[in-house]
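Please keep the sequence and the 3D view open while reading.

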Amino acid sequence: MCRLPQCVGNDPHEANRPRVRTCNPLTAVEFEAGYRFMVPVQTIATVPCELCENQNVEIVATQDRDASPLQVVLCPQCGLVWNDPRPSAEALAAYYREEYRQDYKGTLEPKPRHTLRAARVAVERCRQLRDNLPRGEAVLDLGAGGGEVVYVLRQLGFPASGIEPNAGYARFARERLQVPVTSGSWQEASVEPGSLSAVTLFHVMEHLDSPLQAMHLIRGWLRTGGLLWIEVPNVEAVCQAPSHRFHRAHLYNFNDATLGALGRQAGFEVVRTFTSADGGNVTAVLRKTGIPATTAPSLTGNANHIRGIIQAHTLLRHCLSAAPFIRPLRKLRQRVSETIGLLGQKTPKEILDRAIQEAFRSGVLSVVIDLSELAAAAI
Ligand SMILES: [Zn+2]
């Protein structure tokens with residue numbers, strides 16, 4: 001059970017808000033012709049749209065994945081989706097500092113299985129990043145967790161560091177992996193302006209109460225041309241049950257269009273966006289431009305697109321698709337693979353080193369030959 005403070009009902013303006021509450025966010029309307037379609041319920045958001053500042057929104061869910069009350073709204077102008085109302089910034093900061101990892105993983109520091117799982121994911125993330133960044137460039141991983149991405153990047157020749165709000169996970173990274181991960185929030189981070197070539201946020205942006213403010217701050221840390229690499233859950237995903245789409249701790253729900261638009265508004269250009277094989281995650285690779293942008297890009301049609309996906313993803317359609325069968329099989333295969341992978345491995349470093357070696361052996365990671373180092377060795 002998630003312990004994030006209740007969102008719904010904390011609004012001081014609750015009594016004055018002209019809104020319609022219903023158990024079903026999408027109301028079925030019968031027409032004389034005999035067919036039925038869904039119309040969204042309107043409300044006034046307590047938090048304006050982060051992209052276009054609109055407050056006239058549509059309710060798309062009233063429960064989170066644990067069936068606890070949670071109001072999730074869609075901006076009909078741009079398609080951004082967020083939890084509204086939501087806890088205060090102070091309550092959120094305390095939650096991520098003290099409780100989030102316990103809620104999510106049931107532990108105050110990663111267990112070996114978590115480290116192995118994170119190591120394999122980190123190897124793939126770092127492979128993608130390495131293909132887009134010359135070796136030796138400074139990288140900061142924001143929301144670094146147990147430091148797995150920082151560790152793999154450093155093994156691949158990047159002077160990487162991390163920031164992690166949870167003290168236990170940050171300590172684990174420093175003490176067990178010997179990598180520089182500081183404990184704190186992104187607002188507290190002390191980074192020299194223009195000192196970084198890349199900042200990565202893997203499943204972090206959806207937790208921030210002001211993604212745009214965070215992007216502006218990160219832009220200041222990056223040199224011109226530096227990369228901002230963001231991976232978040234995809235609001236368009238249909239690989240999970242419809243009731244599992246929204247999460248209390250995911251304050252924002254993005255698709256490639258809203259994630260890219262947010263980046264452009266913060267002064268980045270979109271290098272590319274892509275989704276994971278199962279469509280569950282979306283990644284935006286953004287590059288810092290020389291001139292900060294100030295206006296919101298147009299996202300005509302994006303809200304209709306997202307609303308259509310949410311409405312069409314019914315429990316019946318989900319049960320009739322392959323997703324309910326593929327997902328448990330994939331998890332079972334992962335579980336078996338992890339059990340085998342942990343045999344004989346004792347320390348977190350051994351687990352990470354083995355994951356990197358396996359990636360080189362299987363060709364997931366290729367050896368990069370640095371011509372300048374070869375030339376220096378030949379002299
Ligand atoms: Zn909007």
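Two strands pair if DSSP finds at least two bridges between them. The structure discussed here is a predicted model.

## Confidence

The protein averages a pLDDT of 83, and 84% of the residues score at least 70. Residues 5-37 have a pLDDT below 50, although this stretch has 44 contacts in the model beyond near neighbours in sequence. Where pLDDT is low, the predicted coordinates should not be read in detail.

Strand β3 (residues 56-63) and strand β4 (residues 69-74) run antiparallel and are joined by 4 bridges.

## The open sheet

An open sheet is formed by 7 strands in the order β8-β7-β6-β9-β10-β13-β12, with mixed pairing. Its edge strands, β8 and β12 (268-275), each pair on one side only. On average, neighbouring strands of this sheet are turned by 15 degrees against each other, direction ignored.

Strand β10 (residues 222-233) and strand β13 (residues 281-288) run antiparallel, with 7 bridges between them. Here L228 has L286 in β13 as its bridge partner.

Strand β7 (residues 160-164) is largely enclosed by the rest of the structure, because 5 of its 5 residues are buried. In a regular strand the side chains alternate between the two faces of the sheet. In β7 both faces are covered: A160, G162 and E164 are buried on one side, S161 and I163 on the other.

Strand β6 (residues 139-142) runs parallel to β7 and is joined to it by 4 bridges. Strand β8 (residues 181-183) also pairs with β7 in the parallel sense, over 3 bridges.

## Helices α4 and α5

Helix α4 (residues 148-155) makes a right-handed β-α-β unit with β6 and β7. From β7 the chain crosses through helix α5 (residues 167-176) to β8, and this β-α-β crossover is right-handed.

α4 packs on the sheet and touches β6, β7, β8 and β9 (196-202). The direction of α4 makes about 175 degrees with that of β7. α5 lies across β7 and β8, and runs at about 155 degrees to β8.

Definitions and conventions:
Residues are numbered from 1 along each chain as its sequence is written. This is a predicted model: local features need pLDDT of at least 70, side-chain atom pairs count only at pLDDT 80 or more; totals for chains, interfaces and linings use all residues. pLDDT is the predictor's confidence in each residue, from 0 to 100. Two residues are in contact if their C-beta atoms, placed from the backbone, lie within 7 Å. A residue is buried if 20 or more other C-beta atoms lie within 10 Å of its own, exposed if 12 or fewer, and partly exposed in between; C-beta atoms are placed from the backbone. Helices (H or I, at least four residues) and strands (E, at least two) are DSSP runs, numbered from the N terminus. A crossover is right-handed if, with the strands pointing away from the viewer, the path from the first strand over the helix to the second runs clockwise. Axes are lines fitted to C-alpha atoms, for helices over the stretch in contact, and angles run from 0 to 180 degrees between N-to-C directions.
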